[in-house]
Amino acid sequence: MHVGPAEDAISIGGNTIRYPLAQGYDLDYQVENTKVKQNLIIRDQPVIEEGQEWFGLSEIIRMPADYALYVGEVEVGQEIIMTQEPLQVRHIETGDLLVEFPTPTVIEPGNPEMHTGTYFVSVFTGGQVFLTTAVESSWLMDMNRSYPINLDPTIQVTQSGGNYGGG
């Protein structure tokens, strides 16, 4: 993606923090009692390189001590998993659910039907999770698409308290 640098400053309003990433792209964090919604806001149709099948946001997340990331009953390892299923952070020994990343959704103005995004995820030694939330480039580039589009992964907390930092 070739775009200019962001020109806007970080803004805070109510329970939302907006981080301008680049020209035409913002990252919003909306905090509620039991969840954090993260929206990649794509303001205009992006310029995508030929052959690029996916468009999205990659990030690294640190797992709490004694917890692992799962898709269904399968623990995520170093091999990259591609899924539209929810991701869950569960205690390795007890199976207690700490947080869930529900299926990522794509919100398009004027379209009541939500499009489903895709997770690409792997876990590295030390509990570092590499997570990409993406949408198909062909869907994004459709000439009938309306902007701005929100790519919305959410972190849903299911448990309070606990030892999140380890040690």
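The model being predicted, local features need a pLDDT of at least 70 and side-chain atom pairs count only at pLDDT 80 or more, while totals for chains, interfaces and linings use all residues. Residues are numbered from 1 along each chain as its sequence is written, and side-chain values use heavy atoms, with hydrogens and water left out.

Start with the nonpolar cores, that is, sets of buried Ala, Val, Leu, Ile, Met, Phe, Trp, Tyr and Cys residues joined through side-chain atoms within 4.5 Å. Here buried means under 20% relative accessible area, exposed means over 50%, and partly exposed covers what is in between (1.4 Å probe, protein chains only). The largest core has 16 residues, and those with the most contacts inside it are Leu69, Leu87, Val89, Phe101, Val121, Val129 and Leu131. Two or more residues of this core come from each of β6 (67–71), β9 (87–91), β10 (97–101), β13 (118–124) and β14 (128–136); these labels are DSSP runs numbered from the N terminus, with helices being H or I of at least four residues and strands being E of at least two. Apart from this core lies another, of 14 residues, including Ala22, Ile42, Ile48 and Leu140.

Skipping neighbours within four places in sequence, Phe101 is in contact (heavy atoms within 4.5 Å) with Ile61, Pro86, Leu87, Val89, Tyr119, Leu131, Thr154 and Ile155. Ala68 is another residue to look at: this alanine lies in strand β6 and, at 5% relative accessibility, counts as buried. With neighbours within four places again set aside, the contacts of Ala68 are Met63, Glu75, Gln88, Val89, Arg90 and Ile92. Between the C-alpha atoms of Ala68 and Val123 there are 8.7 Å, although the two residues are 55 apart along the chain.

Next comes the sheet. An open sheet is formed by 4 strands in the order β5-β14-β13-β8, with antiparallel pairing; two strands pair if DSSP finds at least two bridges between them. At the edges sit β5 (54–62) and β8 (81–83), each pairing on one side only. From one strand to the next the twist averages 20°, where axes are lines fitted to C-alpha atoms (for helices, over the stretch in contact) and angles run from 0 to 180 degrees between N-to-C directions. β5 and β14 pair over 9 bridges in the antiparallel sense, and Leu57 stands opposite Thr133 in β14. β13 and β14, also antiparallel, pair over 7 bridges, with Phe124 having Gln128 of β14 as its bridge partner. These two strands form a hairpin with 3 residues between them, and Gly126 in the turn has a positive phi of about 90°.

On to the rings. Rings of Phe, Tyr and Trp (its six-membered ring) pair if their centres lie within 6.5 Å; planes under 30 degrees apart count as stacked, over 60 as edge-to-face and the rest as tilted. By this rule there are 3 aromatic pairs. One of them is Tyr19 with Tyr29, edge-to-face at 5.9 Å centre to centre and 80° between the planes. Tyr19 sits in strand β2 (residues 16–22) and Tyr29 in strand β3 (residues 25–31), so the pair ties together parts that are 10 residues apart in sequence. Trp54 and Phe120 make another edge-to-face pair, at 5.0 Å centre to centre and 75° between the planes. This pair links distant parts of the chain, with Trp54 in β5 and Phe120 in β13, 66 residues apart. Trp54 is partly exposed at 25%, whereas Phe120, at 19%, counts as buried.

The charged end of Arg90 is 4.1 Å from the centre of the Tyr70 ring, and that of Arg145 is 3.8 Å from the centre of the Trp139 ring.

Finally, the backbone. Most residues other than glycine have a negative phi, and most peptide bonds are trans. Asp66, not a glycine, has a positive phi of about 70°; this residue lies in the loop between β5 and β6 and is exposed at 52% relative accessible area. Tyr147 and Pro148 are joined by a cis peptide bond, with omega about 5°, and Pro148 is found in the loop between α1 (137–140) and β15 (149–152).

Technical notes. A charge sits over a ring if NZ of Lys or CZ of Arg is within 6 Å of the ring centre and within 35 degrees of the ring normal.
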